[in-house]
Amino acid sequence: MRITLSLFLLIILSFKLSAQDIIPAPVEMRAGSIPNEKFSIDKNTVIFINTSQAQSSAQFLSDYISNHYNLQLEIITEITKIGPRRSINLIVDSTLYPNPDKYTLSVLPTTINVGSPSPQGIFYAIQSIIQLLPSQPDNPEKLTIPTVEIIDYPRFAYRGMHLDVSRHFFDVNFIKKYIDYLALHKLNYFHWHLTDDHGWRIEIKKHPKLTEISAWRNGTIIGLYPGTGNDGIRYGGYYTQEEVKEIIKYAAERYITVIPEIEMPGHNMAVLAAYPELGTTPSIPTQVAQTWGIFNKFNNVLQPTEKTFSFLEDVLTEVMELFPSPYIHIGGDECSKIWWKQSPFAQKLIKEKGLKDENGLQSYFIHRMEKFVNSKGKTIIGWDEILDGGLAPNAIVMSWRGEKGGIAAAKQHHKVIMTPENSMYFNHGQFMKDDSLTAAKFLPLKTVYDYEPVPAELTAQEAEYIWGGQGSLWSEYIANPAKAEYMLFPRLDALSEVLWSQKNKRNYVDFKKRLKTQFKRYDLMLINYSKTYTNK
């Protein structure tokens with residue numbers, strides 16, 4: 001039996017806006033026509049799927065209900081087996097809509113009908129169902145959901161969240177949990193910052209010293225930069241290639257693309273600790289960084305020699321073989337060019353290549369690496385410094401130093417991801433007097449919520465190059481999962497609404513009301529969110 005779109009669209013005589021507390025706010029949400037009607041979930045309820053493409057979404061919902069309500073829902077693939085039981089029907093039908101991310105969700109007294117042209121659309125609908133479930137059920141053996149109809153799709157194609165694992169390392173279990181948090185908020189990209197001055201975090205089989213030496217530092221500063229001392233404790237860790245594959249698979253099942261970042265040409269003290277010959281001062285010993293900040297006193301810049309390019313090509317080859325993502329982030333930020341200025345080799349290369357200055361040399365470096373990445377069928381992403389000296393032909397720009405870089409890239413018709421530090425850096429304190437050690441800057445929830453990724457300076461045509469936005473979580477002062485969660489929530493909720501919901505749907509007063517229900521859900525999920533907002 002084929003289920004069509006007609007099963008997912010209710011004939012509604014009169015509707016009022018629903019008070020259901022879904023974050024991010026859907027495009028359209030309406031309450032059922034008969035007041036107080038509900039759909040009940042109990043041990044006899046089944047999940048029906050019309051194709052194996054919906055299996056992972058069905059399993060995700062079944063696991064969530066099992067883990068948090070101790071109810072086991074059977075997943076079935078034959079509609080005749082539903083019988084008199086209430087059912088949650090997940091239907092993938094490519095003819096439904098042109099937009100693969102669009103879904104309909106109709107909650108009726110006897111069925112929940114979900115329809116989308118793609119499996120990821122079904123998955124996004126599952127996240128809405130989860131938010132319709134009671135966070136504190138009156139009867140744990142019978143969950144009720146008010147009747148409602150939702151039509152929904154995202155505003156931006158790129159909805160991302162970043163995590164820095166170089167400064168502090170997070171194990172595989174937490175990375176999976178982090179990915180689940182992104183999935184719950186309908187984000188679809190995880191930017192995994194794997195390398196920096198403070199530790200190299202991914203196994204590269206051709207260059208084993210990256211995990212033998214570069215993954216470990218001999219101490220960490222105490223307190224806020226410049227610190228009150230050093231703890232002297234050896235610290236580090238890395239992900240094996242098998243662990244990386246495991247995480248990528250886990251994310252893919254949640255329709256999240258993992259984008260790895262391999263820093264270049266700066267932020268490479270960890271690399272130079274193992275391979276000093278790749279730097280501009282090979283005779284000067286280098287250690288994996290033990291303090292924070294941009295390093296001018298200590299050399300962390302790769303020398304643009306053939307040996308360096310060969311090394312990076314080895315690294316990126318293994319990385320690209322591991323990650324199915326069509327995008328590879330190559331950093332490009334905060335390169336301390338004073339080391340090139342002092343390097344006879346670098347100065348000679350500038351003259352030989354007819355480059356204007358050290359900015360031109362960085363552009364040459366990025367262009368060369370882009371050409372290699374492109375040859376493997378991938379596209380590079382870089383922080384907005386890659387604009388300096390001339391943007392690589394096919395590069396995507398991640399704008400972090402405000403919006404200026406993003407505006408410039410969009411005007412040059414390059415894709416842009418907006419993550420300006422003053423609106424999207426979640427390592428900044430949530431309050432002026434935060435109760436935890438944070439970077440000495442302030443980013444309140446409302447600032448995140450009010451951010452508009454499309455700058456007013458852009459024309460309508462240029463605005464089309466704003467691919468989306470991203471929150472960034474740098475880990476200098478985030479040493480454990482509980483702190484990461486505290487810094488993430490509830491600003492992740494605000495981010496999700498900025499990137500998913502239509503601009504005219506954003507209302508901060510209404511958002512705060514919905515957030516109160518979200519906090520109850522976080523209590524159920526044992527998430528360590530910032531509880532100060534519960535009183536606001």
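**Entry 1: a helix and its neighbours**

I began with helix α11, where the buried residues are Gly405, Gly406, Ile407, Ala409 and Ala410. I kept in mind that this is a predicted model. What do the buried residues of α11 pack against? I found β19, β20, α14 (460–463) and β23 (466–471). Just after α11, I noted that His413 takes a positive phi of about 65 degrees.

**Entry 2: the strands around that helix**

Next I looked at strand β19, residues 396–399. Ile396 and Met398 point one way from β19, while Val397 and Ser399 point the other way. Are these four buried or exposed? All are buried.

Then I checked the partners of β19. Strand β18 (residues 379–383) pairs with β19 in the parallel sense, over three bridges. Here Trp383 has Met398 as its bridge partner. Strand β20 (residues 416–418) also runs parallel to β19, and three bridges join them. In β20, the bridge partner of Met398 is Ile417. From β19 the chain crosses through α11 (residues 404–411) to β20, and this β-α-β crossover is right-handed.

**Entry 3: an open sheet**

I moved on to a sheet of seven strands. It is open, with the order β1-β9-β6-β7-β5-β3-β4 and mixed pairing. Which strands stand at the edges? They are β1 (28–31) and β4 (74–76); each has a single partner strand, so one side of each is left without a neighbour in the sheet. From one strand to the next, the twist averages 10 degrees.

Inside this order I picked out β6 (residues 103–107) and β7 (residues 111–116), which pair in the antiparallel sense over four bridges. Leu105 stands opposite Val114 in β7. Helix α1 (residues 55–69) packs on the sheet, touching β3 (46–49), β4 and β5 (87–92). The direction of α1 makes about 170 degrees with that of β3.

**Entry 4: one aspartate**

Last, I visited Asp196, which lies in strand β12 (residues 195–196). Why does Asp196 count as buried? Its relative accessibility is 2%, and buried means under 20%. The side chain of Asp196 makes polar contacts with the side chains of His193 (2.7 Å) and His267 (2.8 Å). Leaving out residues up to four places away in sequence, Asp196 touches Ser166, Arg167, Glu263, His267 and Ala270.

How values were computed
Residues numbered from 1 in each chain as written. Predicted model: local features only at pLDDT ≥ 70, side-chain atom pairs only at ≥ 80, totals over all residues. Heavy atoms only, no water. Buried < 20%, exposed > 50% of the residue type's maximum accessible area, 1.4 Å probe, protein only. Helix = DSSP H or I, 4+ residues; strand = E, 2+ residues; numbered from the N terminus. Pairing = 2+ DSSP bridges. Right-handed = clockwise from strand over helix to strand, strands pointing away. Axes fitted to C-alpha atoms, helices over the stretch in contact; angles between N-to-C directions. Contact = heavy atoms within 4.5 Å. Polar contact = N/O pair within 3.5 Å; in protein donor to acceptor, adjacent residues only side chain to side chain.
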